[in-house]
Amino acid sequence: TFTAGGTTDSTYYQNAGGTVTAPALPADTDYVGWYDGDTKYSAGATITVGSSDIDVVAKTKGTMSAVVSINYKDETLSTTAAMEYSTNGGGTWADCTDDMEASTFGWDGSKTVTVQFRTGSTATTTASDAQSVVIPARLAAPAGITAQNETITGLGDGQLTGMEEAKEYECSSDNGTTWRTCTANMTVTSGTYQVRYAATDNTFASETASVTVGANIVVTTPDGTTPTYTDGTATLPSGTTVQTDDGPVITLPNGGEVTDDGSVTAGAVQVGDTTITAPEGKTVTTTPNGTTTAPGGSTVEVGDTTITIGENTNGATVDENGNITLPGGGTVTVETGDGEPVTITIPEGGEITVNEDGGTGETTLTVSEGSTVQTGTGPKITLPDGGNVAEDGTVTAGIVQVGDTTITAPEGKTVTTT
């Protein structure tokens with residue numbers, strides 16, 4: 001029996017079993033059909049009643065609760081919880097939530113995605129007609145973005161170049177986690193940057209271009225922090241290294257300071273395999289090419305050999321190989337731990353060149369003409385034309401003076417004096 005259910009637009013069937021014919025729809029409202037859930041029956045249709053009673057409701061056509069639009073900057077769509085969506089042309093539908101992200105619909109920016117939206121059915125209305133929304137692909141990444149290195153790590157005078165002033169760009173230094181506005185020839189610190197066209201009211205942010213800004217002088221701290229410069233100088237922690245593209249690695253065992261031109265001042269520096277340590281309360285200064293200026297009393301360690309610059313010496317310069325120049329002349333003491341110390345006196349402007357024998361591990365020193373060599377309290381040996389000095393003080397030269405005695409080897413040969 002087809003029985004009214006209390007209102008003109010709601011009926012139900014009783015006496016389960018058999019079939020009934022759906023009557024004409026009520027005429028006082030724009031009904032579109034009788035519905036059992038989403039199953040539609042037109043007036044006059046045969047309705048089969050199963051083993052239990054069913055409710056059949058006359059429904060009006062649903063309408064979209066709102067028009068879905070794209071927020072290109074947030075990469076969301078203006079959906080509401082009253083809506084449903086379909087990504088397969090209406091084959092299946094799923095519930096929406098408020099302001100859904102574009103990625104929810106399978107969009108990753110590489111291609112367009114078409115999504116249909118509708119308001120779902122209610123107890124008295126059908127689902128609305130679908131609104132089709134095309135989510136466009138991202139624009140291609142900016143072309144021609146290049147980098148200019150900063151002078152030294154942390155100084156912040158590097159540049160991102162190649163951006164057009166008429167376009168809006170964003171850049172990220174944390175692999176896209178956060179973005180900031182960037183402009184033509186903006187200054188930056190060293191690092192890898194992602195650059196993209198900024199989103200507009202009609203386009204998503206573009207694909208990204210990656211560009212790396214380096215540093216002509218690289219400062220690397222043990223904890224990865226970037227130096228901060230005050231009046232052109234940064235204080236560095238222990239273990240920091242400083243290096244130019246073609247220069248040696250300069251290590252600060254106990255920390256120190258670096259200026260924005262890459263010069264390092266510290267109590268001790270390691271340049272390659274050479275360690276230069278200033279006396280207590282003083283410092284050495286090393287330029288980016290590895291040349292160190294050290295005061296009197298400093299020590300130079302090369303392998304197992306320690307060379308101490310005389311305290312009364314008016315400073316010395318030491319290169320990355322441990323070679324020493326005494327602009328004003330002076331003395332150095334050589335110690336290996338295997339014998340008495342060897343004292344070498346160098347004339348003004350003289351040099352000491354360190355020669356390491358990789359096979360034996362022994363170190364010899366080449367000294368300038370006019371130098372003298374003394375082992376312990378032994379006699380002074382003068383080298384009028386310079387010569388070589390072994391770790392134990394043995395001298396090899398073309399000519400030596402020992403006291404009042406001068407020994408000269410024939411041309412092309414040498415004498416050896418212990």
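Visitor: What makes arginine 118 and glutamate 84 a salt bridge?

Guide: A salt bridge is a side-chain nitrogen of Lys or Arg within 4 Å of a carboxyl oxygen of Asp or Glu. The closest N and O atoms of arginine 118 and glutamate 84 are 2.7 Å apart, so the pair meets the definition. Arginine 118 is in strand S12 and glutamate 84 in strand S10 (residues 83-86), 34 residues apart; strands are DSSP runs of E, at least two residues, numbered from the N terminus. This is a predicted model, in which local features need pLDDT of at least 70 and side-chain atom pairs count only at pLDDT 80 or more, while totals for chains, interfaces and linings use all residues. Residues are numbered from 1 along each chain as its sequence is written, and side-chain values use heavy atoms, with hydrogens and water left out.

Visitor: Which ring does the charged end of arginine 118 sit over?

Guide: The ring of tryptophan 93, at 4.0 Å from its centre. The rule asks for NZ of Lys or CZ of Arg within 6 Å of the ring centre and within 35 degrees of the ring normal. Arginine 196 is likewise placed over the ring of tryptophan 179, 3.7 Å from the centre.

Visitor: Why is aspartate 129 called exposed, and what is lysine 61 called?

Guide: Buried means under 20% relative accessible area, exposed over 50%, and partly exposed in between (1.4 Å probe, protein chains only). Aspartate 129 has 55% and is therefore exposed, whereas lysine 61, at 41%, counts as partly exposed. Their side chains meet in a salt bridge with an N to O distance of 3.2 Å. Arginine 118 and glutamate 84, by contrast, are both buried.

Visitor: Why is the pair of phenylalanine 105 and phenylalanine 117 called edge-to-face?

Guide: Rings of Phe, Tyr and Trp (its six-membered ring) pair if their centres lie within 6.5 Å; planes under 30 degrees apart count as stacked, over 60 as edge-to-face and the rest as tilted. Here the centres are 5.6 Å apart and the planes stand at 90 degrees, which gives edge-to-face. Phenylalanine 105 lies in the loop between strand S11 (94-95) and strand S12 (113-119), and phenylalanine 117 in strand S12, so the pair ties together parts twelve residues apart in sequence. Phenylalanine 105 is buried at 5%, and phenylalanine 117 is buried at 0%.

Visitor: What is the pair of tyrosine 169 and tyrosine 197 called, and why?

Guide: It is tilted, because the planes are at 40 degrees, with the ring centres 5.3 Å apart. Tyrosine 169 lies in strand S17 (residues 169-172) and tyrosine 197 in strand S20, so the pair ties together parts 28 residues apart in sequence.

Visitor: What makes S18 and S21 edge strands?

Guide: Two strands pair if DSSP finds at least two bridges between them. The open sheet has four strands in the order S18-S17-S20-S21, with antiparallel pairing. Strand S18 (180-182) and strand S21 (209-213) each have a single partner strand, so one side of each is left without a neighbour in the sheet. Strand S20 (residues 191-197) and S21 pair over five bridges; glutamine 194 has serine 210 in S21 as its bridge partner.
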